[in-house]
Amino acid sequence: MKRNRFTAMLAVMILIVMMLSACGGGGSPEKNAAGTGAGDGGGDKTTVSIWVLNDQAAYLEPIIKDFESKNPDIKVEPTFYGTDPLKESLKVAAASKTLPDMWFTWGGSLGAFYPENGLTMDLTAVAAEHKWEDIYNPAAIDLVKYDGKIAGVPFHLASLAVIYPKELYAKLNLNPPATFAEFEAQLQLMKDQDITPFAVGGKGGWMLMRWVEQLIEHYGGVELHDQLNALEASWEDPAVVQSFQKLKEWSDKGYFEKGFITLDPQEAETPLYHGLQGFAIEGAWVDLTISQAGVDPSSIGIFKFPTDHQPVRMSSFAEMFQINGSSEPAVQEAAVKLAEYVTGQEIVNEYIDQYGSPALQQFNTSEQSPHTAEMADMIKDGNFLISDQALPQTVVQKLFEAQDAVILNEWTPEQAAQELQKAVEAHKSNN
Amino acid sequence: MKLKAWKPWTFLMPALLIYLVVIVGPSLYTLQLSLYRWNGISPNKQFVGLQNYIYLLTEDTVFQKALKNNVLWLAGSLTIIIGLGLMFALLLNRKLKGRSLFRGVFYFPYVLSGIIVALMWSWLYHPTRGFFNALLEGIGLGELAHPWLADPKTALYAVFIAAVWQGVGLPMVLFLAGLQSIPKDCYEAAIIDGAKPVQSFRFITIPLLSETFVIVFATTMVNAMKVYDIIYGMTAGGPAQSTQVLSSWMYYQTFKFNNIGVGSAISWFLVFVTMVVIIPYVYYTNKKSHL
């Protein structure tokens, strides 16, 4: 009896060990269809497996059906995932050599993982042959390049501007600021009127980062900002310290909502749509969110953050379709055809209300998303890659920590800059 | 060995094989990976011995916060969640009007997903529009209103309260099942012998619940060590990484930073922390059963 009890307890103990040590796997993907890549072109039809986001299903499903009806020799097997499950599944599939033939990914350090490890098709020759330079926005083509080679078919090109409620601006008799000093004066004016200027939710770090990177662009200038993102300049630079000092000053002056640092970004931004708060930095996708909140997106105005540098660059990022470098040539050819179809002008114009910000040079304006074309026009002056894609993910995480720690008085701005530089050096020594 | 002796093994073998392949194999592979520097894809897998463990203990400040948070979470779960679970079970084991309803009410949060609970409690804790601060202001204690989730000193405890609300239902149900299996004769005999309720609890209820305690202890501990979704939903590990736990940091290292070796080392730290608690417990319980 006693031995049995001991055996039972030992079994419980072993079970716990095994459950905890083997729990490294992520959440389960929401699959609509199975299928992994490196597929063959055999049989009557060429089958292309593609992994994309759930959010894109509403327009990608009919587009894929259209594509199949126009290309009866190609069968497309889409699988839809949530954002994090897609990232996890791609990593696991890459490790186990079961990547699909084509997948959606973000640019910068998120998408670079696959070409860096030789898993994607080099599309440089295809781009030249198909004259992509006449079709896609040059900024988008630039953002899908790794080591000078094109690693993906540009899908979206998102740029970020400062958004504000026009009604509030009219009430306060304001106009979009032309200089950083004017912008700061508007912040104080709003605060004096008992209006919280910034609509920022700090949970996750990325929404606050959008302001920090603009401060770095303002204090450091175009060249230094690019060097910092490329890890070619020291993050202990005075411009970085000044940026954190300004962030702290804004926080101490009450320009952010109380306790904003762990507020949900979406929730924190909603009062702005109703004219109750001043500013957020957003991409054109926000139009859909504004509409869902029951507000007309045209009641929101946009301007470029006044960095006091010329050109005034916009934070931006690209999204793309990457194609499996190990798939059969026939499958790769079919995948390129599909990607070009999905991102082509005819389809974009047909689905523009749901599509988001296309990576094309020309497309129709959407009534439901009035800021898409406006932002696409603004980016022509210049852009920089958004920090959470420009920097290695370990440095991104340290940046998020530094933002919070400075606001909470745990680190001085100088310490924050030092910690970031340490993270950069650790990344360099490990790679 | 005789055929009879082999018989149980033949029945066990299919399950054992699956267990070896699905659980034991990956666990040992994780242990092996923890000794390498590897990004999960590269053919260049560099053996670094215990360097990943040393890095975590000496250089990774977030890991150290996460380890401390897991220890606090574990301690809180083993005392508060189990304590409250037992208390509710004792209360709801008595004859009480609406007993079934109360059992359902207390168990209900356990069936909700961690993300839903996180959303609800985030609203309750909202610094300006949340219920708790409004309540404090309403009863004239406005000076105690606080951004509970935005202050590193209170954030983890605030999330833990939400986890207690969600998690107390499971031990309560297990204890209730255990209490209902205790024969009433024992209590009746104790009353005849003049035992007071506290003595009955100490000398009858607790010893006869010892098997239940093992299960409750094990499930609570596993849940505490694996905690992730409720923290991710309420604070995403912030502010300033102050609510990171080992599971979330393991996820970041493995899937965001592509440090498969470091992520695997964290998962074995999880095992180690659990062992530090469970070995003395198993030893103590086993010793007690020999008395």
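This is a predicted model: local features need pLDDT of at least 70, side-chain atom pairs count only at pLDDT 80 or more; totals for chains, interfaces and linings use all residues.
I begin with the contact between the chains. On one side there are 40 residues of chain A, and they are in contact with 50 residues of chain B. Three elements of chain A, namely α1 (2-21), α3 (83-95) and α20 (393-407), each give two or more residues to the side that touches chain B. The largest share comes from α1(A), with 12 residues. By class, this side of chain A holds 17 nonpolar, 11 polar and 12 charged residues.

I turn now to chain A itself. The chain is divided into domain 1, covering 46-158 + 317-376, and domain 2, covering 161-315 + 387-430. The C-alpha centres of these two domains of chain A are 29 Å apart. Where they touch, 16 residues of domain 1 of chain A are in contact with 15 residues of domain 2 of chain A. On the domain 1 side, α4 (108-111) and α18 (370-378) of chain A each supply at least two residues. Of these, α18(A) provides the largest share of that side, five residues. The domain 1 side that touches domain 2 divides into six nonpolar, nine polar and one charged.

Next, a helix pair. Helix α12 of chain A, residues 238-252, packs against helix α21 of chain A, residues 413-430, at an angle of about 130°, and the axes are 8 Å apart. The crossing of the two helices, α12(A) and α21(A), is right-handed. Which residues meet here? From α12(A) come A:V240, A:V241, A:F244, A:Q245 and A:K248, and from α21(A) come A:P413, A:E414, A:A416, A:A417 and A:L420. In terms of class, the contact between α12(A) and α21(A) has seven nonpolar, one polar and two charged residues.

Is A:V342 buried or exposed? There are 25 other C-beta atoms within 10 Å of A:V342, and the cut-off is 20 or more, so A:V342 is buried. Setting aside neighbours within four places in sequence, A:V342 is in contact with A:L60, A:I63 and A:I347. A further pairing is with A:V153: this residue and A:V342 are 189 residues apart along the chain, and their C-alpha atoms are separated by 9.8 Å.

Technical notes:
Residues are numbered from 1 along each chain as its sequence is written. Chains are lettered from A and ligands numbered from 1 in the order in which they are written. Two residues are in contact if their C-beta atoms, placed from the backbone, lie within 7 Å. Helices (H or I, at least four residues) and strands (E, at least two) are DSSP runs, numbered from the N terminus. Ala, Val, Leu, Ile, Met, Phe, Trp, Tyr, Cys and Pro count as nonpolar, Asp, Glu, Lys and Arg as charged, and the others, Gly among them, as polar. Domain bounds come from an automatic or database domain assignment. Axes are lines fitted to C-alpha atoms, for helices over the stretch in contact, and angles run from 0 to 180 degrees between N-to-C directions. A crossing is left-handed if the near helix is turned anticlockwise from the far one by less than a right angle, and right-handed if clockwise. A residue is buried if 20 or more other C-beta atoms lie within 10 Å of its own, exposed if 12 or fewer, and partly exposed in between; C-beta atoms are placed from the backbone.
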